[in-house]
Amino acid sequence: MSIDPSIRCGGCVRNRVLILPGDLLTNRMTQFKTKFDVTVLQQTPDQSTLRTLLSEGGYHAILSRGHFKIDQHLIQDAKNLKIIAKHGAGYEEVDVHYASKQGIVVTNTPSVIANATADIAMCHLLNISRRFSESERWLRNGNFVGGWSKFLAHNPED
């Protein structure tokens, strides 16, 4: 099965984008789809299927939302590829060196999870210093008789 590498839209050629499975905010997807020919994979493909998609699909861009290995072989198969965009802070799964040698731009979104990461770090600090997990387990085990004094009297500075 061969896939036409471009979709004609009133005389223009729209770039084809392959979006790999993973978490992605969908509030901009409608607008994104008006500007690009978008294929969103709902299930994780194996490397062989992904290579076939890239070699036959004529994709100009890959948006990777999860942890997919985008190595030299995948990049070689994607003859029209111009950009690999990682949705997240890291891009260790991408062969950046090879992609750069082929003139393919590799991007990421380093600050996309900065606030959430800071929130979680603060939660862990409070949890550890105030023994929230321990007190929650204690309560669920039916130990409330006698009150919270065991935990309220705890001073993290001690």
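Where is Lys82 found? Lys82 is in the loop between H3 and strand S6 (83-86). Helices here are DSSP runs of H or I with at least four residues, strands are runs of E with at least two, and both are numbered from the N terminus.

Some ground rules. This is a predicted model, where local features need pLDDT of at least 70 and side-chain atom pairs count only at pLDDT 80 or more, while totals for chains, interfaces and linings use all residues. Residues are numbered from 1 along each chain as its sequence is written, and side-chain values use heavy atoms, with hydrogens and water left out.

Back to Lys82. Buried or exposed? Lys82 counts as exposed, because its relative accessibility is 52%. The cut-offs are under 20% relative accessible area for buried, over 50% for exposed, and partly exposed in between, with a 1.4 Å probe and protein chains only. Leaving aside neighbours within four places in sequence, Lys82 is in contact with His60, Gly103, Ile104 and Val105. Contact means heavy atoms within 4.5 Å. Take Gly103: 21 residues from Lys82 in sequence, 7.2 Å away in space, C-alpha to C-alpha.

Now the overall layout. The protein has 7 helices and 7 strands. From the N terminus, the order is β-β-β-α-β-α-β-α-β-α-β-α-α-α. There are 158 residues, and 30% of them count as buried. Of the contacts between residues at least 6 apart in sequence, 37% join residues at least 24 apart. The accessible surface is about 10500 Å², with 55% belonging to carbon and sulfur atoms. That area comes from the Shrake-Rupley method with a 1.4 Å probe.

Next, the cores. A nonpolar core is a set of buried Ala, Val, Leu, Ile, Met, Phe, Trp, Tyr and Cys residues joined through side-chain atoms within 4.5 Å. The largest has 19 residues, and Leu18, Leu20, Leu50, Leu54, Ile70, Ile75 and Ile84 touch the most other members. Helices H2 (47-57), H3 (72-77) and H4 (96-101) each supply at least two residues of this core. H2 gives the most, with 3 residues. Apart from this core lies another, of 7 residues, including Val17, Met29, Val38 and Leu63.

Look at Leu54. Beyond neighbours within four places in sequence, Leu54 contacts Leu18, Tyr59, Ile62, Leu74, Asp77 and Ala78.

Last, H5. Arg131 sits in the loop between H5 and helix H6 (132-140). Its phi is near 60°, a positive value in a residue other than glycine.
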